[in-house]
Amino acid sequence: MSKQVKIPAGGTEENLPITPEEQEVIDYLYSQCGEALKKHSVSFLTIIRFVRGYSHVKTKWKETVVEYISNFLKWREDENVDSILTNNYPDLKKFRTTWPH
């Protein structure tokens, strides 16, 4: 049976305090991927989402989080995601007339 979690009014699961078990996974993640997380400016909120998103994998929780974060970081590298907002796209002005955000 899954544990019921009380989410604060107007909040999300990410707003909940970090448990000691989650902190252990976070510490392990930083020991394995800390430099890459910093290089790609991965937010703590993103890390929490990965940690809590794979919390159902209790037997290899730490290893699973590291595996999926590593895949996520590789994807960012392969797709050059970190430069999307700074690239100079030839049709950007045209795009902005339709999609101003």
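**Ground rules**

I number residues from 1 along each chain as its sequence is written, and I leave out hydrogens and water, with side-chain values taken on heavy atoms. Since the model is predicted, local features need pLDDT of at least 70 and side-chain atom pairs count only at pLDDT 80 or more, while totals for chains, interfaces and linings use all residues.

**Entry 1: the chain**

I looked up the elements and found four helices and zero strands. Helices (H or I, at least four residues) and strands (E, at least two) are DSSP runs, numbered from the N terminus. From the N terminus on, the order reads α-α-α-α. I then looked up burial: 25% of the 101 residues count as buried. Buried means under 20% relative accessible area, exposed over 50%, and partly exposed in between (1.4 Å probe, protein chains only). For contacts (heavy atoms within 4.5 Å), I noted that residues 24 or more positions apart account for 59% of those with a separation of 6 or more.

**Entry 2: α1 against α2**

Two packed helices are described by the angle between their axes and the distance between the axes. For α1 (residues 20-39) and α2, I read an angle of about 125 degrees and axes 11 Å apart. Axes are lines fitted to C-alpha atoms, for helices over the stretch in contact, and angles run from 0 to 180 degrees between N-to-C directions. The two helices are therefore oblique to each other. On this scale, angles under 35 degrees count as roughly parallel, over 145 as roughly antiparallel, 65 to 115 as roughly perpendicular and the rest as oblique.

I recorded the crossing of α1 and α2 as right-handed. A crossing is left-handed if the near helix is turned anticlockwise from the far one by less than a right angle, and right-handed if clockwise. From α1, the contact takes in Glu-22, Val-25, Ile-26, Leu-29, Tyr-30 and Leu-37; from α2, Phe-44, Ile-47, Ile-48, Val-51 and Arg-52. Sorted by class, this contact has nine nonpolar, no polar and two charged residues. Ala, Val, Leu, Ile, Met, Phe, Trp, Tyr, Cys and Pro count as nonpolar, Asp, Glu, Lys and Arg as charged, and the others, Gly among them, as polar.

**Entry 3: α2 against α3**

For α2 and α3, I read axes that come within 9 Å and cross at roughly 130 degrees. This pair is therefore oblique as well, and its crossing is right-handed. Thr-46, Phe-50 and Val-51 of α2 meet Trp-61, Val-65, Tyr-68, Ile-69 and Phe-72 of α3.

**Entry 4: buried residues of α2**

Which residues of α2 are buried? I listed Ile-47, Ile-48, Phe-50, Val-51 and Arg-52. Their cover includes α1 and α3 (61-78).

I checked Phe-50 in helix α2; it is buried, with a relative accessible area of 18%. Leaving aside its neighbours within four places in sequence, Phe-50 touches Val-65, Tyr-68, Ile-69 and Phe-72. The C-alpha atoms of Phe-50 and Val-65 are separated by 6.3 Å, with the residues 15 apart along the chain.

I then checked Arg-52, also in α2 (residues 44-53). Arg-52 counts as buried at 10% relative accessibility. Its side chain reaches the backbone oxygen of Pro-17 at 3.0 Å. Beyond its neighbours within four places in sequence, Arg-52 is in contact with Glu-13, Glu-14, Asn-15, Leu-16, Pro-17, Ile-18 and Glu-22.

**Entry 5: the loops**

Most residues other than glycine have a negative phi. I looked for departures. Ser-41, in the loop between α1 and α2, has a positive phi of about 50 degrees although it is not a glycine. At 62% relative accessibility, Ser-41 counts as exposed.

Asn-80, in the loop between α3 and α4, is not a glycine either and has a positive phi of about 55 degrees. Asn-80 is partly exposed, at 46% relative accessibility.

What joins the side chains of Asn-80 and Ser-83? I found a polar contact of 3.0 Å. A polar contact is a pair of N or O atoms within 3.5 Å; within protein, one must be able to donate a hydrogen and the other to accept it, and residues adjacent in sequence count only if both atoms are side-chain atoms. Ser-83 is in the loop between α3 and α4 (92-98) and is buried, with a relative accessible area of 14%.
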